[in-house]
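Have a look at it first, then we'll go through a few spots together.

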Amino acid sequence: MEKNKLDVVLGLQWGDEGKGKVVDVLTPSYKMVARFQGGPNAGHSLVFEGDSFVLHTVPSGIFREGTVNVIGNGVVIDPVILLEEIRSIEKMTGDISGRLVISKRAHLILPTHRMLDAASEAAKGKSKIGSTLKGIGPTYMDKTGRNGLRVGDILSPDFQARYDALKKKHSGLLAQYDYSCDISEYEARWMEAVEGLRRFPFIDSEMYLNQALEAGTRILAEGAQGSLLDIDFGTYPFVTSSNTLSAGVCTGLGVAPSRVGRVYGIFKAYCTRVGSGPFPTELFDEDGERLRATGHEFGATTGRPRRCGWLDMVALKYAVMMNGVTDLIMMKSDVLDGFDTIKVAVAYTENGKVTDRFPYDGGAGVTPVYKEFPGWKSPLGGLRRYEDFPEAFKQYIAFIEKETGCGIKIVSVGPDREATILR
C-alpha cells in the first residue's frame with residue numbers, strides 16, 4: 001500500500017529566494033509545516049494584507065489558522081530570538097501555543113555560542129566567511145562534538161548544572177581566542193526566555209511527524225538558507241553549518257527517504273548572495289545596482305546589501321539534480337521588467353576550457369558563458385494569469401524548463417500573496 005508522503009520546499013541558490021512567501025501560499029493545502037534545519041540566521045519574509053513580517057525560527061505556516069507548525073530536531077534555537085519572534089506574531093494573531101510545537105532534540109544556542117561565533121570570525125581576518133554571528137556554527141559544532149544542550153534538557157532537574165558545564169567549556173575556548181565581552185544581561189534574558197518557552201509542547205518530533213503521516217496528515221517540510229550553502233555540497237567553506245538539501249529533511253525531522261514526495265525548488269529569476277564566497281555571475285555594473293535597487297536586495301536578517309547577478313543555469317541545474325526537484329518555483333520575475341537584454345549563464349570557462357559542470361570550489365575563478373534573451377519591457381506585477389504574460393517572458397520560462405528538465409509550477413510577480421500565479 002502506498003504510504004502518505006511529506007512534501008518539501010527549499011531554496012536552490014544561496015538563500016533569500018522567497019521561501020517564506022511560497023510556504024505561506026502553499027500552506028492552505030497542508031495541515032502541518034515543519035522546519036528541518038538552520039537557525040535564526042534564516043529570514044523568511046511574508047507580505048499579506050499590506051503587512052510584512054520576517055520569520056527567523058518559527059515555520060512560515062504560523063499565520064494560517066488550523067496549521068500546526070513544528071520546529072524540528074535539525075534546527076538550532078536561540079530562546080531569546082524565538083520568544084521575541086513569538087511575541088511579535090501573537091501581537092498580530094493572538095495566542096499561538098496551540099499551533100507551535102518544538103522538538104526535544106533541537107539544540108540550544110547559548111549566549112557563549114554567540115561569543116564564540118564572533119571570536120572565530122574575528123580571528124579569520126580577511127578570510128571571513130560572512131557569518132551572521134548568531135552562534136549557529138558553534139552550536140552545530142557542539143552538536144557533532146556531543147557536548148550540546150537540547151530543548152529536552154530544559155525539563156531536566158540538573159539543567160542549570162549542564163548549562164554551567166558547557167559555559168565553562170566555552171570560556172576556556174574564548175580565553176584561547178583572547179576574546180571577552182559581558183554577556184550577563186543577555187544571559188539573564190536567555191534564562192527568562194527558556195522559562196517562557198515552557199508553555200509550548202516539547203515533543204518527540206520524529207514520532208509526532210511519522211504518526212501524523214500514518215494518520216494521513218499533509219505535511220510540508222520547510223528549509224532555510226539555500227542549496228548552494230549546504231555544508232557538504234555548497235561553496236565550501238563559504239557555507240552554512242547544516243544540510244540544506246532535501247536529504248536534510250530525513251535527518252532534520254526523522255523521516256525516511258521513502259516518505260519524501262514532491263520537492264518544490266525555489267529560485268529567483270536572477271541570483272543574489274549575502275556574505276563572502278564565489279559568485280560566478282556577480283555584476284559590478286549598473287545592471288547589478290539596478291537589480292539590487294529594484295529587488296530591494298538587502299538581507300532580511302542582517303540588513304546587509306546582497307550581491308546581485310544574472311541567473312546561473314550551471315548552479316541551478318546542479319541544485320535541481322542534488323535535491324531531486326519535482327517542481328520549480330520562480331520568484332521576483334518582475335524585477336527584470338525594465339531590462340532590454342537579460343542574460344543567463346549556461347556554462348563556465350575555466351583554464352581555457354568550457355564546462356557545464358558545477359565545480360568543486362563553487363566557481364571561484366571561472367568566467368560565465370552567457371546566453372542572451374530579449375527583455376519583455378512591460379510590467380508583470382498586475383498580471384494574474386500565465387496566458388497574459390508577455391511572449392518574451394514565456395520564452396524565458398520555457399528555456400529554464402527545458403534546461404532543467406523540470407516544470408515551473410509557480411511564478412511570483414510581486415511580494416504580495418496575490419501576486420503568485422499557479423500554472
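Where is the place of Asp178? Keep in mind that we're looking at a predicted model.

## Two aspartates with positive phi

Asp178 sits in the loop between helix H5 (159-177) and helix H6 (184-196). Its phi is positive, about 55 degrees, even though Asp178 is not a glycine. Asp178 is exposed, because its relative accessible area is 73% and the cut-off for exposed is over 50%.

Now hop over to Asp16, in the loop between strand S1 (6-11) and helix H1 (19-26). Asp16 isn't a glycine either, and its phi is positive too, near 60 degrees. With 24% relative accessibility, Asp16 counts as partly exposed.

Next, find Tyr236 and Pro237: the peptide bond joining them is cis, with omega at about 5 degrees. You'll spot Pro237 in the loop between strand S10 (219-222) and helix H8 (247-253).

## The two sides of helix H9

Helix H9 covers residues 286-294, and its buried residues are Gly288, Leu291 and Arg292. These cover an arc of only 95 degrees around the axis, so they end up on the same side of H9. What do they pack against? The buried residues of H9 pack against strand S13 (307-309). On the face turned away from the buried side, you'll find the exposed residues Glu286 and Ala293.

At the start of H9, a side-chain oxygen of Asp285 comes to within 3.1 Å of the backbone nitrogen of Asp287. After H9 comes His296, with a positive phi near 50 degrees.

Terms used. Residues numbered from 1 in each chain as written. Predicted model: local features only at pLDDT ≥ 70, side-chain atom pairs only at ≥ 80, totals over all residues. Heavy atoms only, no water. Buried < 20%, exposed > 50% of the residue type's maximum accessible area, 1.4 Å probe, protein only. Helix = DSSP H or I, 4+ residues; strand = E, 2+ residues; numbered from the N terminus. Arc of directions from axis to C-beta. Contact = heavy atoms within 4.5 Å. Polar contact = N/O pair within 3.5 Å; in protein donor to acceptor, adjacent residues only side chain to side chain.
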